[in-house]
Amino acid sequence: MELAVGLPSWSMKHVFIYALYVSLVVMLLSLNTIFERVRGEIAETVPPMTRFERTEGTRVQQSPPLRFDINHPINGTRFRILYNAVPKTGSRNLEFLIRKLSPKCLGRVKCGYFPQEIADNSEQIDRYIRSLGEAAFIRGHFPFLHMDNSDFPVMYINIIRDPIERLVSNYYYDLFGDSARPMSRTSKTEHHASTLDDCLEDEVCFSKVYSYYKQVTLRTFCGHDVRCSKYTRWTLNRAKNNSRQYLFIGLTNQMEASLSILELLLPDLLAGLKIKMKAETERVAATTQYRTVKKIPLHEETLRFLERDMSLEREFYAFVSEGFEDAKKSLLANS
């Protein structure tokens with residue numbers, strides 16, 4: 001009787017343990033599936049490490065700083081200069097100076113404006129650039145596109161601006177324009193609030209206007225990959241890598257030094273540009289007509305928010321600024 005009574009009790013105990021074991025196995029398998037899915041999603045947003053970023057084991061170090069080689073000028077004019085300008089960074093000022101003041105732009109160098117309708121089509125951009133003559137200077141708003149096997153050298157230049165200053169200028173330019181292009185509210189500004197502060201509090205303005213403009217610089221340098229439209233570290237790293245393909249990237253708030261370096265790098269195209277710029281500045285022709293007519297100062301809490309929310313754009317600006325300062329030191333050392 002003792003054996004008969006003990007068997008059911010012993011069997012129930014084993015059943016319970018077995019059921020617990022099965023449950024644990026199922027839970028671990030589920031967790032592993034979730035882990036693999038998350039790891040895959042992360043892999044889609046994080047670019048592969050470059051050879052500069054790989055180190056022993058799993059330790060990752062930052063990619064090397066940006067450097068511009070200003071010790072080897074590009075002589076002659078048989079090349080195509082692409083200025084894929086970031087909006088509201090002073091690009092129209094620079095284009096004005098080059099088109100009006102560079103003797104080469106009055107001669108055999110084609111100095112023109114990029115056809116904006118093809119800006120998002122990489123294949124059409126490629127065909128357009130290859131259709132240009134052997135000497136060209138082209139400015140427009142379009143993403144970076146790496147050019148392979150071109151019959152003549154293709155070189156990029158650019159100017160960037162403090163991201164928050166650029167955002168403010170871009171927002172109020174849409175609303176008020178500048179001396180050259182006065183604006184009034186149109187379909188382009190239907191989602192704009194009356195101030196940028198208010199825009200951040202308005203759901204529609206925040207999603208349709210601010211979220212687009214806050215990453216304009218990164219998109220410009222990142223290129224045409226569909227992932228470039230997302231505000232992620234992948235986009236930042238891609239923009240940094242592409243910036244190494246540029247002949248030079250200057251800074252809006254150091255335009256005179258930027259022109260000096262460009263003049264040094266492209267002596268036959270831009271010789272004397274800085275001196276002519278100073279003369280033009282005295283006549284107030286090139287430095288005020290493209291300034292945004294009205295900009296409303298930000299609230300302190302708005303500024304703090306932008307400093308946090310635009311951290312990737314600010315990191316890219318700091319990255320390029322370091323390369324610019326290094327180039328400026330070399331310029332001063334050689335002058």
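Analyst: H9 passes H13 in a left-handed crossing (left-handed if the near helix is turned anticlockwise from the far one by less than a right angle, right-handed if clockwise). The model is predicted, with local features needing pLDDT of at least 70 and side-chain atom pairs counted only at pLDDT 80 or more, while totals for chains, interfaces and linings use all residues. Residues are numbered from 1 along each chain as its sequence is written, and side-chain values use heavy atoms, without hydrogens and water.

The axes of H9 (residues 255–265) and H13 (residues 311–334) come within 10 Å and cross at roughly 65°; axes are lines fitted to C-alpha atoms, for helices over the stretch in contact, and angles run from 0 to 180 degrees between N-to-C directions. H9 is therefore roughly perpendicular to H13 (65 to 115 degrees; under 35 is roughly parallel, over 145 roughly antiparallel, the rest oblique). On the H9 side, Ala257, Ser258, Ser260, Ile261 and Leu264 meet Phe324, Ala327, Lys328 and Leu331 of H13, contact meaning heavy atoms within 4.5 Å. By class, this contact of H9 with H13 has 6 nonpolar, 2 polar and 1 charged residues.

Helix H8 (residues 233–243) also packs with H13, at an angle of about 20° and with the axes 10 Å apart. H8 is therefore roughly parallel to H13, and the crossing of H8 and H13 is right-handed. Here Arg233, Leu236, Ala239, Lys240 and Ser243 in H8 meet Leu312, Glu315, Phe316 and Phe319 in H13. The contact of H8 with H13 comprises 5 nonpolar, 1 polar and 3 charged residues (Ala, Val, Leu, Ile, Met, Phe, Trp, Tyr, Cys and Pro count as nonpolar, Asp, Glu, Lys and Arg as charged, and the others, Gly among them, as polar). Helices here are DSSP runs of H or I with at least four residues, numbered from the N terminus.

Conventions: Helix = DSSP H or I, 4+ residues; strand = E, 2+ residues; numbered from the N terminus.
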